[in-house]
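Open the model in your viewer and keep the sequence beside it. The stops below say what to select next and what is there.

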Amino acid sequence: MISDEKLASIVPNERQIRFQQLEFYAFIHFTVNTFTDREWGDGSESPSIFHR
């Protein structure tokens, strides 16, 4: 088991610091609901919706 002292001394590396300094990032997720303008799908949507 790792001691509390060792855990308290953990610091982020340079790459992690640079990532935090970006202050902005995005996660974009497209599903069929993107095209039906619904938050939740019920499985009855046609796959052809993707071919608009």
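Begin with a pair of charged side chains: select R38 and E45, which form a salt bridge whose closest N and O atoms are 3.1 Å apart. A salt bridge here is a side-chain nitrogen of Lys or Arg within 4 Å of a carboxyl oxygen of Asp or Glu. This is a predicted model, in which local features need pLDDT of at least 70 and side-chain atom pairs count only at pLDDT 80 or more, while totals for chains, interfaces and linings use all residues. Residues are numbered from 1 along each chain as its sequence is written, and side-chain values use heavy atoms, with hydrogens and water left out.

Salt bridges that share partners join R38, D42 and E45 into one network. The count of salt bridges comes to two. Side chains of opposite charge can pair when their charged atoms come close.

Now colour these three by accessibility, where buried means under 20% relative accessible area, exposed over 50%, and partly exposed in between (1.4 Å probe, protein chains only). Is E45 buried or exposed? E45 is buried, with a relative accessible area of 17%. R38 is partly exposed at 36%, and D42 is exposed at 53%.

Next select S44, in the segment after helix 3 (32–36). Helices (H or I, at least four residues) and strands (E, at least two) are DSSP runs, numbered from the N terminus. The side chain of S44 is joined to that of D42 by a polar contact of 2.5 Å. A polar contact is a pair of N or O atoms within 3.5 Å; within protein, one must be able to donate a hydrogen and the other to accept it, and residues adjacent in sequence count only if both atoms are side-chain atoms. S44 is exposed, with a relative accessible area of 58%.

D37 also lies in the segment after helix 3. Its phi is near 55°, a positive value in a residue other than glycine. D37 is exposed, at 72% relative accessible area.

Go to helix 2 (14–22). Just after helix 2, select E23, which takes a positive phi of about 65°.

Then select I2, L7 and I10, which make a nonpolar surface patch of about 300 Å². Patches are made of residues with over 30% relative accessible area and no salt bridge: like charges are joined within 9 Å, nonpolar side chains (Val, Leu, Ile, Met, Phe, Trp, Tyr) within 5 Å. Accessible areas come from the Shrake-Rupley method with a 1.4 Å probe; for residues, only the protein chains shown count as cover. Where is I10? I10 lies in the loop between helix 1 (4–8) and helix 2, and I10 is exposed at 58%.

Finally, zoom out to the whole protein chain. The chain has three helices and zero strands. Its C-alpha trace spans about 55 × 30 × 15 Å along the principal axes. The radius of gyration is 21 Å, whereas a compact globule of 52 residues would have one near 10 Å. That radius is taken over C-alpha atoms, and the globule rule is 2.2 Å times the number of residues to the power 0.38. Of the 52 residues, 8% count as buried.
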